[in-house]
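Subject: Structure handover

Hello,

Here is the structure I promised you. Please open it first, then read my notes below.

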Amino acid sequence: MVTRRYAVGAHYGLMDWLVQRLSAVVMALYTVLLLAIVLWNGGLDYALWTDLFAHDGFRLASFLFMVSLLYHAWIGARDILMDYIKPAAVRLLLETVIVVLLVAYLGWTLQILWGTP
Amino acid sequence: MKKRPVYLDLPRIRLPLPGIVSILHRVSGAWLLVAGIPILLYAVSRSLASPETYAGMKAGISHPLAKIVLLSLLWSYLHHFCAGIRYLLLDIHRGIELAAARRSSAIVLVVSLALTLILGARIW
């Protein structure tokens, strides 16, 4: 069986389309959770803030939020670059810069959540 | 293929309301990526480090320049959030008629601005 496979263009994006939406839902739920915690406690102070991040469940939720955010950001950035940056070399360069940045941010996230203070 | 006319005189293009919400979704997303993510990570790491750095961050957000940047990020997040919910509803075919789509785009603009004012007033 011969399958036509596209390396570029808009023919391979269904998975990304889905991830963009699922990651959005994860972020929305986390946002509502965080807002509810702050409102429930009548505001935010250092003790509540550090207690929150000492909690394994909250750290895991924050990690899921950040992974969703970074992947979501990648899909959005790729969409914008595909639409406005026509020269392939410039686009590839910008895409590379963004991927490197996002991976670095993931490292920073791990450092914040589970690294030694 | 028939040659189509290209009309890209940007100042003369009149975007309908859903088009304005759409381009603002892109602008806010790009701004959140460029400025929002690094500022978020920096703020969280500093605020968790010690009571002193937490107090420092709290004092820092009152600086006029920080206030402008943070308010723009707050609006970006809220607009992206509200417009995103609208797109999810459109995806499941809720409100796809012209009148409903125009109304929901107006709601997105108004609600995200109002929430920015309310949350901004509460934070500062």
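Start with the largest nonpolar core, which has 16 residues. A nonpolar core is a set of buried Ala, Val, Leu, Ile, Met, Phe, Trp, Tyr and Cys residues joined through C-beta atoms within 7 Å. A residue is buried if 20 or more other C-beta atoms lie within 10 Å of its own, exposed if 12 or fewer, and partly exposed in between; these C-beta atoms are placed from the backbone. The residues with the most contacts inside the core are A:Ala73, B:Leu78 and B:Cys82. The elements that give two or more residues to this core are α3 of chain A, plus α1 and α3 of chain B. The most comes from α3(B), with 6 residues. In soluble globular proteins, nonpolar side chains tend to be buried together.

Helices here are DSSP runs of H or I with at least four residues, strands are runs of E with at least two, and both are numbered from the N terminus. Two residues are in contact if their C-beta atoms, placed from the backbone, lie within 7 Å. Take A:Ala73 as an example. Leaving aside neighbours within four places in sequence, A:Ala73 is in contact with A:Leu102, B:Leu33 and B:Ile37.

A word on the model and its labels. This is a predicted model: local features need pLDDT of at least 70, side-chain atom pairs count only at pLDDT 80 or more, and totals for chains, interfaces and linings use all residues. Residues are numbered from 1 along each chain as its sequence is written, while chains are lettered from A and ligands numbered from 1 in the order in which they are written.

How confident is the predictor? The pLDDT is its confidence in each residue, from 0 to 100. Chain A averages 92, and 89% of its residues score at least 70. Chain B averages 93, with 99% of its residues at 70 or above. Among the elements of chain A, α1(A) has the lowest mean pLDDT (95) and α4(A) the highest (97). The model scores ipTM 0.88 and pTM 0.89. Where pLDDT is low, the predicted coordinates should not be read in detail.

Next, chain A. It has 4 helices and 0 strands. Along the sequence the pattern is α-α-α-α. Of its 117 residues, 9% count as buried. Among contacts in chain A between residues at least 6 apart in sequence, 70% join residues at least 24 apart.

Now the interface. Here 18 residues of chain A are in contact with 17 residues of chain B. On the chain A side, two or more residues come from each of α1 (14-40), α2 (46-54), α3 (56-84) and α4 (88-114). The largest share, 5 residues, comes from α3(A). By class, this side of chain A has 13 nonpolar, 4 polar and 1 charged residues. Ala, Val, Leu, Ile, Met, Phe, Trp, Tyr, Cys and Pro count as nonpolar, Asp, Glu, Lys and Arg as charged, and the others, Gly among them, as polar.

Chain B has a helix pair to look at. The axes of α3 (residues 64-91) and α4 (residues 98-123) of chain B come within 9 Å and cross at roughly 145°. Axes are lines fitted to C-alpha atoms, for helices over the stretch in contact, and angles run from 0 to 180 degrees between N-to-C directions. Residues of α3(B) in this contact include B:Trp75, B:Leu78 and B:Cys82, and those of α4(B) include B:Val108 and B:Leu115. The contact divides into 10 nonpolar, 5 polar and 1 charged residues.

Two residues of helix α1 of chain B come next. B:His25 sits in this helix, residues 17-49. Why does B:His25 count as buried? Because 20 other C-beta atoms lie within 10 Å of B:His25. Not counting residues up to four places away in sequence, B:His25 touches B:His80 and B:Ala83. B:Ser28 is buried because it has 23 C-beta neighbours inside 10 Å.

Last, B:His93, in the loop between α3 and α4 of chain B. Its phi is near 65°, a positive value in a residue other than glycine. Most residues other than glycine have a negative phi. B:His93 has 7 C-beta neighbours inside 10 Å, so it counts as exposed.

Best wishes

Technical notes: pLDDT is the predictor's confidence in each residue, from 0 to 100.
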